[in-house]
Amino acid sequence: MKTLIIAEKPDMGRNIAAAIDPKAKNHRTYIEGDTYIITWAIGHLIGLAEPDAYDDRYKRWNFNDLPIVPDHFKLIPNPKTKDQLKVIADLAKRSAMLVNACDAGREGQHIFSLIQRHLKLAQPVKRLWISDLTPETIKKGFAELKEGAEFENLTRAAKARSEADWLIGMNGSRAFTTKHNELLSVGRVQTPVLALLYDRQKEIEAFTSNKFYEVEAWFTQEETKYRGMWQGDKLTDGEKAAAIAAKVQGKEGRVASYEVKDTKEYPFKLYDLTLLQREANAKYGFSAKKTLDLAQALYEKHKAISYPRTNSNYVTEQNIPEMHRALDQLARTSYGPLVQQADKKLVHKNNKAICNPAKVEDHHAILPTHKMPGNLPPDEQKLYDLIVRRFLSHFYPAATYKVHSILTEVDVEGQPAAERFKSTVKQLLSAGWKVIYADQKKEKPATKGRGAKAEKEAEDSDEVAEEEISTPFSLDASQSVHCLESNAKEKETQPPKAYTEGTLLKAMESAGKQIEDEELRDAMKDSGLGTPATRASVIERLKQVGYVVMQGKRIAITQKGRTAVELIRGAGVELLTSPEMTGHWERRLNEIARGIASDETFMRNVKKFAALIVEKVRGQAQARKQAFAAGEEPAAKGPAARRGRSGAKAKPAPDGGEAADGRDAAAPRAKRGAGSRAAAARRPAEPAAVVLASPAAPARGGAPAAAEPRAALPGCPRAGCRGQIIRGRRGYGCSDYKAGCGFVIWIDSFGASLTDTAVSYLLKHGRTALMKLTDEQGQPVEGRLVLKDTNTGRLELEKVNR
């Protein structure tokens, strides 16, 4: 009998066949040779059954039927892929051994495990565990197949994550939805991420801007010129600031102290998935999901990069020769000039900034392989370029600087103390690895610097405190300096910045903690919100259920999202919104995967917590329908909320909690009344289909759409489209969305809740009338919404200053 190899997707199956049995015959749903039969899963063929598989009464959403806690979870085939499942079952009957060739990670392990359990496959199992899909790596992987039993703990963790996700999502979503008569989606990762967005928006709204002043002066000594910033208590009096500037201008000063030190800046760390998503968002505006999809294409289709769903920024000793080989191959591409200056000697096993086996668990950092892709689509090329340049930077020396720290004093007549100015001049001596980025526009890095504060400065500072120069700088501390000019600059304190997908990914990675220390940040990686592979789907989920909308790069929470957080906290189950606690649960799953924690103990506590959620919601007062509509105050709180914001806190045992990867087990369909509403979490998001509803469908806030006075909406403005603009639950989209038109104007845009009249005016004139809006930083402003893209419906804010 033969060996059956089960890959995760057809592309991977074909890659394996080409590497180990190129003469095998392709039968469309499988490939068969003399020794192996290779087939694939096409993703998730099996899932956990809906509640009505346990009891028909669960078809109706009834609060009194909660909690739903199965003794044994039933598996059910995906009806869309049941034919492929039958292919696997038939092939298994002709096989004496199985090889799990699904993606080398927790999710791939879970996909194979579900198939094995559902089909009751009893054959011995081997595991293919590889990090790229080049023929050489595949051959090597088959020569070194691992025993399937080695991954039993990973299987337990994957199973616990899936079942706990079902318990929390199904019970939480049904409890809050039926109690408040509004579609409310709850999830182990999704909900605390929403809470991060809610808390940040509250901080922005509570922020009061204050004016302050800075005094800067320019000093000269012969040919040398440098800038100094006045040192003293924060200036809040503009006249005082102007007086200081006037007093020192034209005066002679002295160098009170002058220090020069040599410093080095090393390349940024190699990419893990989250870091790659963050930088692609900052540089190109790619969503987390788009970056993941592009990376998967580079990995699966082009075999140009290593496995992307990794949480490591390091490699092992075994990867060093492969890195050198990839460098040699890049020399034959457009990167050749950069490769010529590269030094292989810098990439070696003792370079701990690159090679650190202790920080590599399942997979090493994302690397280009020695397989050079042909002409890539533009966005794939952009992502590949990021990965290649980061890779190349490690074959270059550090950038070197001389940092000049100067304290200048200017005596003022009639004043006992001199006015003091601080200067930092960063003189570039050798660009080192930075030459790789010399041809690119200078961007604020969204990356983690090695032993530096580069990321914090890039994200939190509007103005670089130090002056960077590439020309020689010299100063004689024994000689006087002249204050050539000075001025007072008015500034305002800035509110916390609204989250982008990039900065939200950073917060998810550290479970919401503002951690700047690199070592602590790495230590938090196994207790973040979700995993590198699932964070993108969490953010997409928040969009799909109407909790957030995108306003440019900024993620804006909707009124429905706000109310959902307040209801959950008001019920006394803040644990559902706690990023740190959810991070601890993720850590517990990682401990199960390593065999140092019990999945049975974990699941017992998850079941207790699911029951606790239901009991807390039972005592809550029903929310007003208006609380979910834009512009309304939050919902009424129940008894738990009246006892205080925290109510009676849920405190599961240390091993307890949820386990999810962001895919809600129980986001209900929008349809009210009888019938199972639990499968809507898995509906794909289409550009307009998601938001459109028939005229009889409930509008936001629950009032029948037909009851609202409606302005006549014009035709779709997209060139060549003959569709009509119609209103849906979340936006105004084109009636021809099924034909591919993606034009949508979101109802919640820049703090406004758009009406038919406003949208009609916008489409006719290209901009709205003057409105009270919210800018990119969450600050209230007056302005107009401008239709910037008639193909997509993208809006921009045009501020009006009065």
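## Close-up views of a predicted model

**Helix α6 spans residues 190–206.** At 1.5 Å a residue, the 17 residues of α6 should span 24 Å, and its end C-alpha atoms are 25 Å apart, which agrees. The expected span is 1.5 Å times one less than the number of residues in the helix. Helices here are DSSP runs of H or I with at least four residues, strands are runs of E with at least two, and both are numbered from the N terminus. Of the 17 residues of α6, 12 are buried, so the helix is largely enclosed by the rest of the structure. Buried means under 20% relative accessible area, exposed means over 50%, and partly exposed lies in between, using a 1.4 Å probe and protein chains only. Among the buried residues of α6 are Pro 192, Leu 196, Tyr 198, Arg 200 and Ile 204. Their cover includes helices α14 (501–509), α16 (535–544), α17 (559–570) and α18 (579–593), together with strands β17 (548–551) and β18 (554–557).

A note for all the views: this is a predicted model, in which local features need pLDDT of at least 70 and side-chain atom pairs count only at pLDDT 80 or more, while totals for chains, interfaces and linings use all residues. Residues are numbered from 1 along each chain as its sequence is written, and side-chain values use heavy atoms, with hydrogens and water left out.

**β17 and β18 form a hairpin.** Two residues lie between these strands, and Gly 552 in the turn has a positive phi of about 70°. The strands pair in the antiparallel sense over four bridges; pairing requires that DSSP finds at least two bridges between two strands. Look for Val 549, which stands opposite Ala 556 in β18. In a regular strand, side chains alternate between the two faces of the sheet. Both faces of β18 are covered, with Arg 554 and Ala 556 buried on one side and Ile 555 and Ile 557 buried on the other.

**Seven strands form an open, mixed sheet.** Follow the order β2-β3-β4-β1-β7-β8-β9 across the sheet. β2 (25–26) and β9 (146–147) stand at the edges with a single partner strand each, so one side of each has no neighbour in the sheet. Between β3 (residues 31–32) and β4 (residues 36–40), the pairing is antiparallel over two bridges, and Glu 32 stands opposite Ile 37 in β4. Helix α1 (residues 10–20) packs on the sheet, touching β1 (2–7), β3, β4 and β7 (95–101). Contact means heavy atoms within 4.5 Å. The direction of α1 makes about 160° with that of β4; axes are lines fitted to C-alpha atoms, for helices over the stretch in contact, and angles run from 0 to 180 degrees between N-to-C directions.

**Leu 66 sits in the loop between β5 (46–48) and β6 (75–77).** Leu 66 is buried, with a relative accessible area of 7%. Leaving aside neighbours within four places in sequence, Leu 66 is in contact with Asn 171, Arg 174, Ala 175, Val 614 and Arg 618.

**Phe 73 and Trp 166 make an aromatic pair.** The ring centres are 5.5 Å apart and the planes are at 85°, so the pair is edge-to-face. Rings of Phe, Tyr and Trp (its six-membered ring) pair if their centres lie within 6.5 Å; planes under 30 degrees apart are stacked, over 60 edge-to-face, and the rest tilted. The pair joins distant parts of the chain, 93 residues apart: Phe 73 is in the loop between β5 and β6, and Trp 166 is in helix α5 (residues 152–180). Phe 73 and Trp 166 are both buried. Elsewhere, ring pairs link Phe 219, Tyr 226, Phe 421 and Phe 473 into a cluster.

**His 363 lies in the loop between α11 (336–340) and α12 (378–393).** With 4% relative accessibility, His 363 counts as buried.

**Helix α21 (residues 756–765) has buried residues.** Asp 756, Ala 758, Val 759, Ser 760, Leu 762 and Leu 763 are buried. The buried residues of α21 pack against β19 (725–727), β20 (731–734), β21 (744–746), β25 (780–789) and β26 (794–799). Just after the helix, Gly 766 takes a positive phi of about 85°.
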